Amino acid sequence: MIGKLNHIAIAVPNLLEAAEKYKNTLGVKVGKPIDQPEHGVTVIFIELPNTKIELIFPFGENSPIEKFLDKNPAGGIHHVCFEVEDIYYAAEKLELEGARILGNKEPKIGAHGKPVLFLHPKDFNGTLIELEEV
């Protein structure tokens, strides 16, 4: 049911500084900032040969990333995203297995323009999981 790793998201206290560090220090391809008001974040994707890194920064009031950065001022890994072929099937199967879907359980459109859902971190050893339909 779960496909390949789509990306690892890292919350950062300064989006442009972080993007420059990845670009200049690691020599990776860095995308442009993408505002996602419905998710309360601005993101920049870093392209790697086998996956992506998503740098995330608070956007607007009540951003969930703001609380994360309050607890982790230097930033840190926020979530991992796995691909699924059918997000509704995946959600139904996971709920039957006892996993909790965050929010209203309806997919939202993510930064790649595809439906996404988040799974409660307490159900996955403290790791927030994002599912993205591909």
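Visitor: Where is the place of histidine 78?
Guide: Histidine 78 has its place in strand 6, where strands (E, at least two residues) and helices (H or I, at least four) are DSSP runs numbered from the N terminus. Before going on, please keep in mind that this is a predicted model, in which local features need pLDDT of at least 70, side-chain atom pairs count only at pLDDT 80 or more, and totals for chains, interfaces and linings use all residues. Residues are numbered from 1 along each chain as its sequence is written, and side-chain values use heavy atoms, with hydrogens and water left out.

Visitor: Okay, and is histidine 78 buried or exposed?
Guide: Histidine 78 counts as buried, at 17% relative accessibility; buried means under 20% relative accessible area, exposed over 50%, and partly exposed in between, with a 1.4 Å probe and protein chains only.

Visitor: Which residues is histidine 78 in contact with?
Guide: If neighbours within four places in sequence are left aside, histidine 78 is in contact with Ala9, Ile10, Ala11, Ile56, Ile65, Phe68 and Leu128, contact meaning heavy atoms within 4.5 Å.

Visitor: Switching to the largest pocket, how much space lies in there?
Guide: The largest pocket holds about 900 Å³ of space, and of the 37 residues that line it, the closest to its centre are Pro64, His78, Leu102, Phe118 and Leu128. On a 1 Å grid over the protein atoms alone, a pocket is an open set of points where a 1.4 Å probe fits, with protein on both sides within 12 Å along at least five of seven lines, and lining residues have an atom within 4 Å of a point. Grid points are joined across faces, edges and corners, and the volume is the space filled by probe spheres set on the points.

Visitor: Which element gives the most to that lining, the lining of the largest pocket?
Guide: Helix 2 does, with five residues, while the elements that each supply at least two residues include strand 4 (41-47), strand 5 (52-58) and strand 6 (76-84).

Visitor: And how do the residues of the lining divide?
Guide: The lining of the largest pocket has 15 nonpolar, 13 polar and nine charged residues; Ala, Val, Leu, Ile, Met, Phe, Trp, Tyr, Cys and Pro count as nonpolar, Asp, Glu, Lys and Arg as charged, and the others, Gly among them, as polar.

Visitor: Stepping back, how many helices and strands are in the chain?
Guide: The chain has three helices and nine strands, running β-α-β-β-β-β-α-β-α-β-β-β from the N terminus on. The radius of gyration is 15 Å, close to the 14 Å that the globule rule gives for 134 residues, so the chain is as compact as a globular protein of that length. That radius is taken over C-alpha atoms, and the rule is 2.2 Å times the number of residues to the power 0.38.
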